[in-house]
Every structure is written in structure tokens, then in C-alpha cells.
Amino acid sequence: NRQSQNASQASVPLPDIVTREGKHAFLVDGEPFLLLGAQTNNSANYPAMLDKVWPVVAAMQANTLGIPVAWEQIEPVEGQFDFSFLDVLIEQAAERDIKVVLLWFATWKNNAPHYAPAWVKLDNQRFPRVVTENKRVLNSLSPHGKNTLAADKKAFVRLMTYLRDHDPEHQVIMVQVQNEVGTYGSKRDFSPAAEALFNQTVPEALLKLYQQPAGTWQQVFGENADEYFHAWSIGRYVDDIAAAGKAVKDLPMNVNVALRNPFNPGDGYSMGGPTDNVIDIWKVAAPHIDMISPDIYFRDHKTVNRVLELYSRDDNPLFVAEIGNDQPYARYFFSTLGKQGIGFAPFGMDYTDYANFPLGAKVVNDETIAPFAELYSLMAPWASVWAKLSFENDTWGVAEPHDSTSDKAVWNARVSAKSDDDSQFQQTLDLGRWNAEVSYGRPMFWIDPPTGNHPASGGALIAKLGEDEYLITALRARVTLSPSSEIEQLPYMIERVEEGHFDADGNWVFERVWNGDQTDWGLNFTSQPHILKVKMATYKQ
Ligand code: N0T
């Protein structure tokens, strides 16, 4: 009954995104949460498929499942709603203690209205599509369709109402509004309705952002006018839906991005979506969207690093909403956490018999799952400790920089495989008074130079605990601390390296001290999980 629902709702705080001095935390049950995610393939959103989903989630040691809910399935007939899928999903997720990110596949699922109900996608009069400059009608709904917005919003509000009334424990922790919005094949809608808007004055908020005097889109933005107009229009549309949903149940909401190549953008990408060139416009257009989250299908280190940089901002918590599920992508979990990422979700993690190669792996099997399971099992026992450190302390994270695979990547991913890093097989991190050198592919004993792991798969995470103290974990890497320029004139040494783990309450449990061979040649991490507390010291001669 409603009263007991209200009572229990009061006891479990809503998931929330908090930002302090440019650092972010995703609060779940009131505590910083590290989202160790898995996203299903596209058509897993039916009860009969869930048996093919949960085993993969469990094998990965994921704590969160990303899964679609389609407009066509909740409102197959206009005004008639059916939430039977969510009844099953939420119950099964709760049984397994797995949180859920729901993906609202509606007006746009990668440009098209495929997941909209037939009564929407077959009625071009009531729900108009984007028209190109040459008057071609694309299969992408126009953001200027007022009926479309009203209908999508109505269904979304019903979805959020369902969550308000049937998910008092907040098993669903976040909702993604649409999927990879934008239009392939036109920079904007050129229909008469769109033309009329395009010839009006640019909204005040955008003039202010770009510090421009008033004018039409063309006058103010010149050659960028078409794309900026489309981005603004889609951003406002999505924001309107998000705001209406949040008014019912105030969950964090994100949008995911079909990225353009940051080094080689071209113009064949999904235009109007929050690609790196229009993040600022989206931030103004869609204030109810908490996060703009990249979908990463570039395999090379240089491009991924750039994408992570572009989508981790003071005003945008980094959440890798999708990343390919093939081995080369796994290590970017380390770099995601190095940019204060709040979560990471490889795509296509289920046994529903689909593989999106060449974007991801050729097949989903134990071998595909293993690189992700290894990372999540390293972090799962102390995920909340890391999430808190990431919010409150300085943290670093790096992935092995060389590209060991020459696999064909996505069509717009062509960049040189050469890495910009100081060396192919090592990185230097500035930790304040100390520097860390992270190197890959060397024996544990002695000083043989690094040769990299083959395939590249290493990475390291460091959190600052105090002036001279760090928490360090890594896989297949050597981490060596040395004094930075601030203290380099002083003799120094490792004071103490403790190996231990965190218990269920997040308390450090001491196991042993590393010394002798275990510290003489740096701190050597293998494929086994090890967590170290490292205290460095200088002394006077
Ligand atoms: C992703 C996924 C799913 C011509 C692809 C990536 C997911 C969506 N889209 O498996 O469909 O729902 O968000 C698009 C990458 C562009 C590749 C274009 C090849």
C-alpha cells in the first residue's frame, strides 16, 4: 500500500550525483558507488531472456546491469501500458543484489525510431521525420515534432511513475534517456517547421555561452549553425523528457554518445548528439541530464585516452556507458578510474546469441568475459572504498599504452597506432612529492627494461592516503616510486609496504609486509590481485 511504500522510500535515500570542487560521486544508498557494469545486447529486454543475462553478470562480478526498456513494449497501443517486463527484471535484480541502469529506447535508438511503437513509427504525419536539405525524408524522428515529444514524454512519465510506485528500494539507480541520439545523414532537420525555428534568434543562453550578439543561427554560428541547431534542438527535447520524469522520481539520468573520432571527425557521425564539439551546447540545453557518457568503440590507447579526457569534466562525471567487450578494451577500466570515472560498462554481455564484432568480441564466452571479470574481481570487494577515495582524495589510473592488436576498429576510428606517451611500455605519474613509474612486461627481479604485455592488458591504480602514503593496486605492471623535484635532494627510501585487503565494512585488514625481493625491484604486480599501502620517507644524513 501507498503508505508503507512512502515509509520505506523515506528510509532508502534516492541515488544521487554530487559534485564538489569538480570531483564527483555517484551516491547509491547514500554512499559513493563504483558502478561495475555490464550492458546487455539490444534485444535482451524480455523476461524470457533474463536467464541468459544473469550468468554473465555473475561471472563478471558486475554490480550493475544496463538493460533497455522499449517504448514499444510498455505502450504497444496508445494509452495502454504494460510494465510486466519491469516487474520481472526488478524482482530478479533484487534477488541477486544487482543494481539496474534502465535504457529508455524511444524516439531515438541510434538515430532511428525502431523501438517506438508502430502507432508512432508508422505515422509520419503525426510524428514527422527529419528532412534533408534535398528534401529526402530520413528514418530519424524530428526533434521539432511536438506530438512526438508529448507522446514520448507521456510514456516516460508513466515509466518513472512505475519506478516510484514499484521500486521503493531503488534497484534502478539511473535511467539513460534515449540511446545514442542524433541523426546520420543530415546535419539537421530542413523541414518547413525546422526552417522557421532556424531563422529565429539564437536562444539567450547560447549567445551568453559563446559571447555573441543576437542573430539567427546562421548569423551567429556560420558553418557550425546546422549542427549546433540540431544539437540544441535534440538537447532541449531530451531535457524536457528528463525533467518530466525527474519530477515524478528524481533519479540520476544520463545520455550516451555515438562518438565522433576526436582526431579525425569527418562528418559521417550521428549529428546533433553530444559529440565532443557540442558538449557545451548540450550542457546548457539539457540541465536535467546529469551525465553525458561516451560509448567507446575505438580500440587504440591514444583515442580512448582523448575520449576519456573530453568526457571527464568539472561539470560532467565520467561514466563509460558502453565499451566494446573485446580484450583490448578491458584495460581502459584503469584509465577510466584514473579520470575519476564513476562507472564502466562493457556492451553485449549476455548469452542471447549476438556479438557486435568488429566493434566488440567475435563471441561471448568465458574467454571474452575473463578480462572484465579479472578487473571487477580486483575492485568489487572494495569498490565503495575506491569510490570514496576517488571523490575525496587524489587518485591516478593508467592503462598499458601500447597497442598490441591491429584489429579492424569502427569505421571512423582510423588514427595512427603510435602512442603519444613517453614510452610505449611505461608511464610516469606525478603524485605530488613523489612520482610513480609504471612499466609493463618485465621480470619481477632485476632491471631488465620493459617489453610490454602481449596482448597489452596491464594497468595501475593509485590513491593518495597522506603526504607520503599511497594505496596501490595493479595488474601485470611494475610500480616504482621516486622523489619528485620538490624533494629530490634528500635521500629517500620505502618506509613500509603493507599488503592487505578491505573487509565488508571498508576497513583495512593487514596481511603482511612486503620487503626484500618484493620491494627491491619496484612493486611487481602479476595477474593475481594485490593491494598495497605504501609509505615513502626521506631522511637527513
Ligand atoms: C551502440 C551498439 C548498440 C557502420 C552497437 C555503436 C548500442 C549502441 N552503437 O552494437 O547498438 O545500443 O549504443 C555505434 C558505433 C558505430 C559503428 C558504425 C558502423
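This is a predicted model: local features need pLDDT of at least 70, side-chain atom pairs count only at pLDDT 80 or more; totals for chains, interfaces and linings use all residues.
Tutor: Local features here need pLDDT of at least 70, side-chain atom pairs count only at pLDDT 80 or more, and totals for chains, interfaces and linings use all residues. Residues are numbered from 1 along each chain as its sequence is written, and side-chain values use heavy atoms, with hydrogens and water left out.

Student: What makes domain 1 and domain 2 domains here?

Tutor: Their bounds come from an automatic or database domain assignment, which gives 2-123 + 148-186 + 226-381 as domain 1 and 426-538 as domain 2.

Student: How many residues are in contact between domain 1 and domain 2?

Tutor: Contact means heavy atoms within 4.5 Å; by that rule, 10 residues of domain 1 touch 16 residues of domain 2.

Student: Why is the pairing of R476 and E374 called a salt bridge?

Tutor: The term asks for a side-chain nitrogen of Lys or Arg within 4 Å of a carboxyl oxygen of Asp or Glu. R476 and E374 are 2.8 Å apart, N to O, so the pair qualifies. The count between the two domains is one salt bridge.

Student: Which elements give two or more residues to the side of domain 1 that touches domain 2?

Tutor: They are α14 (332-338) and α15 (366-379), numbered from the N terminus as DSSP runs (helices: H or I, at least four residues; strands: E, at least two). The largest share, four residues, comes from α15.
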